[in-house]
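Me: I am new to this structure and would like to get to know it step by step. Could you walk me through it?

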Amino acid sequence: MRLATIRLGDQTAAVRVEGTTAIETGFADVGALLRAGGLEAAATADGARHDVDTVDLAPVVPNPGKIVCVGLNYRNHILEMGRELPEHPTLFAKYPEALIGPRDEIQLPPESDQVDWEGELAVVIGKRVRRASAEEAKAAIAGYSVLNDVTMRDYQYRTLQWLQGKTWENTTPFGPVLVTEDEIPAAAQLVTTLDGEEVQRTPIDDLVFDAAALVRYISTIVTLQPGDVIATGTPGGVGHARKPARYLAPGQKLTTSVDGIGELVNVAVQEKTAV
């Protein structure tokens, strides 16, 4: 099954996506659907219909209670950053204000000139879980989506803590859909392109800590709730690790995709600030 959240004026609606048709499910968004235990109902719902290619797509979960991000979780990215494989996941947070839809513009803040891309597989929680066993962790996953953890590197490395570089408003595309695990093919790859140039390509099974391991680890620390999101980390190919370094500039188009899920297509624009 494939689910998305669409914008309808000043409201949103959770939809089931079949081909190029988005069918309303009766829930306000995918997060609300998951919190209500509505996956089974969504599979057969038959509401108003929309064209997926033209409808306004919101972040697939617009207001998650938690967005837990994982740093340095792809082997090739760890190596390109000159680090050793970690014994435990590196965790940081992102706030919902950072999220944008899969076709929205990325707002480049005037305070940063080192805005980098980080294509990621996102995990969306479907069941409340605390101190999960391996089996419980896998069962708690509602599905998967695509996220780009757009990062202000100059702010990230001001201190040892990364948060201030990771959660700038209106910078993190998330979507286009949530898919159940059966929708993702074997050997699925994550690909990021910049103005059509491929900058990242990695099989999603290159993760040091896979989805279930992350749910198990994070749920030991804090209860995970339906609609919570885990961004699983980025592979090699980020701009900051290149020589010379490369960063997002106004007008550039950033595309992020995972086989079986779909793609985010976002143009970077300079944020307009009040005088």
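Me: Happy to start with charges: how many salt bridges does the structure hold?
Reply: This is a predicted model, in which local features need pLDDT of at least 70 and side-chain atom pairs count only at pLDDT 80 or more, while totals for chains, interfaces and linings use all residues. Residues are numbered from 1 along each chain as its sequence is written, and side-chain values use heavy atoms, with hydrogens and water left out. A salt bridge here is a side-chain nitrogen of Lys or Arg within 4 Å of a carboxyl oxygen of Asp or Glu. By that rule, the number of salt bridges is 13.

Me: Which side chain meets Glu-118 in a salt bridge at 3.1 Å, N to O?
Reply: Side chains of opposite charge can pair when their charged atoms come close. The partner sits in the loop between α5 and β14 (172–179), while Glu-118 lies in the loop between β10 (115–116) and β11, so the pair ties together parts that are 48 residues apart in sequence. Helices (H or I, at least four residues) and strands (E, at least two) are DSSP runs, numbered from the N terminus. The side chain that meets Glu-118 is that of Lys-166.

Me: Is Asp-149 buried or exposed?
Reply: Buried means under 20% relative accessible area, exposed means over 50%, and partly exposed lies in between (1.4 Å probe, protein chains only). Asp-149 meets Lys-166 in a salt bridge of 2.9 Å, N to O. The relative accessibility of Asp-149 is 0%, so Asp-149 counts as buried.

Me: Where in helix α6 do the buried residues sit around the axis?
Reply: In α6 (residues 211–221), the buried residues are Ala-211, Leu-214, Val-215, Ile-218 and Ser-219. They cover an arc of only 120° around the axis, taking the directions from the helix axis to the C-beta atoms. That puts them on the same side of α6.

Me: Which elements do the buried residues of α6 pack against?
Reply: Contact means heavy atoms within 4.5 Å. By that rule, the partners are β6, β7 (90–94), β11 (119–125), α4 (134–139), β12 (141–148) and β17 (229–231).

Me: What is the volume of the largest cavity?
Reply: On a 1 Å grid over the protein atoms alone, a cavity is a set of points where a 1.4 Å probe fits but cannot get out, and lining residues have an atom within 4 Å of a point. Grid points are joined across faces, edges and corners, and a volume is the space filled by probe spheres set on the points. The count comes to one cavity of 30 Å³ or more. The volume of the largest cavity is about 120 Å³.

Me: Which residues of its lining are the closest to the centre of the largest cavity?
Reply: The lining of the largest cavity has 16 residues. Two elements give two or more residues to this lining, β6 (67–71) and α5 (153–156). The closest to the centre are Gly-71, Leu-72, His-77, Glu-118 and Trp-162.

Me: Which residue does a cis peptide bond join to Gly-175?
Reply: The omega of this bond is about -10°.

Me: What is the phi of Arg-131?
Reply: Arg-131 is in the loop between β11 and α4. With 55% relative accessibility, Arg-131 counts as exposed. Although Arg-131 is not a glycine, its phi is positive, about 50°.

Methods. 1 Å grid on protein atoms, 1.4 Å probe; cavity = no way out; pocket = protein on both sides within 12 Å on 5 of 7 lines; lining within 4 Å.
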